[in-house]
Amino acid sequence: MIWKPQPRQAVFMARPEYEALYGGAAGGGKSDALVIEALRQVHIPHYKALILRKTFPQLAELVDKTLNYYPRAYPKARYNSTTHTWTFPTGAKILFGAMQYGKDKTKYQGQAYDFIAFDELTHFTFEEYSYLFSRNRPNGPGTRVYLRSTANPGGVGHGWVKERFITAGPPMTPIQEEVSWREPDGREVRQKQSRIFVPSSVFDNPALLENDPQYIQRLASMPEAERNALLYGDWDSFSGQVFTEWRNDPGHYEDRKGTHVISPFRIPETWRIWSALDWGYSRPFSVGWYAVDHERRLYRIREFYGCTGTPNVGLKWEPGEVARAIRSIEGEDPNLKGKKISRVGDPAIWGSDGTESIGSLFERERIYWEKGNHARLDGKMQIHHRLSFDENGIPLLYVFNSCKHFIRTVPNLVYDESNVEDVDTAGEDHIYDELRYVCMKNPIAPRPRLVTGASDYDPLDLGKTGSYDRYEFYRRY
Ligand SMILES: Nc1ncnc2c1ncn2[C@@H]1O[C@H](COP(=O)(O)OP(=O)(O)O)[C@@H](O)[C@H]1O
Ligand SMILES: [Mg+2]
């Protein structure tokens, strides 16, 4: 026996759905299950499979797994390390691939893969995933065409993966999506496409625990967010999240304590109203309306997000069209109707190389955006200051629960791996950008830090008296 699925892996490998996501926590035997799954159809000569990781260096782990398992099951199978391809005696192929750079897409253009596997799906954007979707086609008769993925919480794709597989339905419950298209003869065709999430964690991997009994302990000793994500598969807290202060507590939508999301209410006449724009065409544009109370607290009261319904894909509207929609919202929303509105926009809409700028196309419709301040880190700090709660659980930024896209995207933003202080702009960051412009127009000072005394952990030994004493010690002797 070369490899035998453990019970959870067997469940995953038996699923009939077109798409399945396996895992949601570390060590559940996810990558093993994927590389073995890829073998299922190698008896068919025209079968072609593609196994993906975000970067080539990360693929090494998977290649090593196959170098261990494949030759034992198929002694005549050959691996070509230049083309990253396994070829089986029938002619069937299993390829490894990465999507590190935008141009990597072209490598898969015009290709068909009967089976596609994504390892660590949250490292990919939805755009990359859906592009390869289109490459998931049969190479000949008799193959099964399907897609399998694994993931842990966190990463730039956290938001869309969570939405697609985790919150769309309970685990182990098939999720049906209707897809429709028009045939050349005009007929509309509708078809159901199914997907499922099969959870697993280290507790489902006795083989690992036997080889490495300390593994659980190592996961348990990680910082809280990472521990909850990797050990328990908690998708609400994950490492790399930028706005860890974010709270959405429906139990407090009315009293507004300990939550940033609240129930809408009628804005008093004396509060100032702002509107902010982040421009997008093939990416979503975002327009947000904010009210400012007499304590400089911001309330996001309305949003207009130009997204097709596919994460991070824009409506491709002209500026004039967006401007007219803004006017119509402002003429109808009771919190905006008849109000004087100050506007701040994406400074990039004024850049123009001779053609009429987006900013001036808005002006034709009598929508005047002031240039926003693009200082990214300052803007980010302003948001942190505003999200922090005072001793009564009151923050300086509230979001009406009707602002669904804000609630969907801002909490899922992650740090950039190379620019570690800033937000990863490959994420869906348009609402965040627009929020920054408003915050920079209404800057506030940080709140004095609340001392909670919760942590005794002091790796740098900076505890007040301790370091003072020690300093004294060196000075005196
Ligand atoms: N069915 C199995 N039989 C034996 N060992 C397994 C099996 N599934 C996983 N393992 C081992 O458990 C360890 C973790 O598995 P892996 O697939 O890398 O986990 P994950 O990708 O979920 O982090 C690896 O050493 C792997 O070889
Ligand atoms: Mg893995």
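## Helix H3

Helix H3 covers residues 56–73, 18 residues in total. From first C-alpha to last, H3 reaches 25 Å. That is close to the 26 Å expected at 1.5 Å a residue. H3 is not straight throughout: the helix bends by about 25° at Leu-67. A proline, Pro-71, follows within four residues of that bend. Like everything here, these values come from a predicted model.

## Overall layout

The protein chain has 477 residues, and buried residues make up 39% of them. Its secondary structure comprises 14 helices and 16 strands. The C-alpha atoms fill a box of roughly 85 × 75 × 45 Å, taken along the principal axes.

Contacts reach across the sequence. Take the contacts in the protein chain with a separation of 6 or more: 69% of these join residues 24 or more positions apart.

## Around ligand 1

The shell around ligand 1 holds 16 residues. Those that come nearest are Gly-29, Lys-30, Ser-31, Asp-32 and Ala-207. By class, the shell has eight polar, five nonpolar and three charged residues.

Two helices each supply at least two residues of this shell: H2 (30–37) and H6 (206–211). H2 gives the largest share, three residues.

## Helix H11 and its buried face

Helix H11 runs over residues 376–387, 12 residues in all. H11 reaches 17 Å from its first C-alpha to its last, close to the 16 Å expected at 1.5 Å a residue. Its buried residues are Gly-379, Lys-380, Gln-382, Ile-383 and Arg-386. Seen down the axis of H11, these buried residues fall within an arc of 155°, so they line one face of the helix.

Gly-427 sits in the loop between helix H12 (404–409) and H13. Is Gly-427 buried or exposed? Gly-427 has 25 C-beta neighbours inside 10 Å, so this glycine counts as buried; the cut-off for buried is 20 or more.

Leaving out residues up to four places away in sequence, Gly-427 touches Val-156, Asn-412, Leu-413 and Val-414. Gly-427 and His-252 are 175 residues apart in sequence. In space, C-alpha to C-alpha, Gly-427 and His-252 are 29 Å apart.

## Loop residues with positive phi

His-84 lies in the loop between strand E3 (78–80) and strand E4 (85–87). Phi of His-84 is near 55°, a positive value in a residue other than glycine. His-84 has 17 other C-beta atoms within 10 Å, so it is partly exposed.

Asn-312 also has a positive phi, of about 65°, although it is not a glycine. Asn-312 is in the loop between E13 and helix H9 (319–332). This residue counts as buried because it has 21 C-beta neighbours inside 10 Å.

Notes
Residues numbered from 1 in each chain as written. Chains lettered and ligands numbered in written order. Predicted model: local features only at pLDDT ≥ 70, side-chain atom pairs only at ≥ 80, totals over all residues. Near = placed C-beta within 6 Å. Nonpolar A, V, L, I, M, F, W, Y, C, P; charged D, E, K, R; others polar. Expected span 1.5 Å × (residues − 1). Buried ≥ 20, exposed ≤ 12 C-beta atoms within 10 Å, placed from the backbone. Arc of directions from axis to C-beta. Bend = angle between axes of the 7 residues up to and from the residue. Contact = placed C-beta atoms within 7 Å.
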